[in-house]
Amino acid sequence: MCEGAVPRLGTTIHISALDGIINVNSLFTLAVFIGLAWNPHDQGNSLSQDPSCLAGSKVAEDLVAFHVYSFSCFLFSSLIALCLKQAIRLAKSAHFPTVLTLDLAVINKNALRFGYLVSAAGSVLGSVFLMLALINVVQIKLGVLGCGSMYTYGAVVPLVIFVPLGLLTYVCIVLYAFTR
């Protein structure tokens, strides 16, 4: 560090934010595992009475693929967050003792921001893939979207409205925090 330069400090606030990312990703990962344990080829799965509305094997294949993609994105995001958390803990120095409840550490602020951004991107992609998997679950259970069932649309429409809206809010907050 240069003479007179102000050190960039990482605190327990950063660690708490990373813990939040890890906890949310863990819950979503659990949902993915539960989804993967479900057998979409079971004959008793569909509630649709019309044979032409039953989901084909392509929908079941997409269901599994989207679950795997979602899992890998959440795992990636959690691993990046864990690495950032560990880097902050390793950077703690004797020059910055614990003050009240704040643990201070010298960190590279740009690297921390980039790590947050990459971790958030993994969480967003994981959420998108989980939403797509849930759409396929609805098609298997209630009939394909092309049949026009009100129950199918009643389940899918709120999903494709509220999940992207929540993700947009999350991205805006992450980008706002990224610029501060």
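First, the ground rules. The model is predicted: local features need pLDDT of at least 70, side-chain atom pairs count only at pLDDT 80 or more, and totals for chains, interfaces and linings use all residues. Residues are numbered from 1 along each chain as its sequence is written, and side-chain values use heavy atoms, with hydrogens and water left out.

Now the overall layout. The chain has 4 helices and 2 strands. Helices here are DSSP runs of H or I with at least four residues, strands are runs of E with at least two, and numbering starts at the N terminus. Along the sequence the order reads β-α-α-β-α-α. Of the 180 residues, 32% are buried. Buried means under 20% relative accessible area, exposed means over 50%, and partly exposed lies in between, with a 1.4 Å probe and protein chains only. What about contacts, meaning heavy atoms within 4.5 Å? Take those in the chain with a separation of 6 or more: residues 24 or more positions apart account for 81% of them.

Next, the core. A nonpolar core is a set of buried Ala, Val, Leu, Ile, Met, Phe, Trp, Tyr and Cys residues joined through side-chain atoms within 4.5 Å. The largest one has 10 residues: Ile-15, Leu-18, Ile-21, Ile-22, Ala-81, Leu-84, Ile-88, Ile-107, Leu-112 and Tyr-116. Which elements give two or more residues to this core? They are α1 (12-37), α2 (57-91) and α3 (109-142). The largest share, 4 residues, comes from α1. Apart from this core lies another, of 6 residues, including Ala-60, Leu-63, Phe-66 and Ala-133.

Look at Leu-18. Beyond four places in sequence, Leu-18 touches Ala-81, Leu-84, Lys-85, Ile-88 and Tyr-116. Lys-85 sits in helix α2. Is Lys-85 buried or exposed? Lys-85 is buried, because its relative accessible area is 12%. Setting aside neighbours within four places, Lys-85 contacts Ile-15, Leu-18, Asp-19 and Ile-22.

Two neighbours in sequence come next. Asn-25 is in helix α1. Its relative accessibility is 2%, so Asn-25 counts as buried. Outside the four places on either side, Asn-25 contacts Phe-74, Ser-77, Ser-78 and Ser-123. Val-24 is in helix α1 too. Val-24 is partly exposed, because its relative accessible area is 42%.

Finally, helix packing. Axes are lines fitted to C-alpha atoms, for helices over the stretch in contact, and angles between N-to-C directions run from 0 to 180 degrees. α2 and α3 pack at about 160°, with axes 8 Å apart. That makes α2 roughly antiparallel to α3 (angles over 145 degrees; under 35 is roughly parallel, 65 to 115 roughly perpendicular, the rest oblique). Their contact has 23 nonpolar, 11 polar and 1 charged residues. Nonpolar covers Ala, Val, Leu, Ile, Met, Phe, Trp, Tyr, Cys and Pro; charged covers Asp, Glu, Lys and Arg; the others, Gly among them, are polar.

Then α3 and α4. The axes of α3 and α4 (residues 150-178) come within 10 Å and cross at roughly 180°. So α3 is roughly antiparallel to α4. By class, this contact has 23 nonpolar, 3 polar and 1 charged residues.

Note on methods: Contact means heavy atoms within 4.5 Å.
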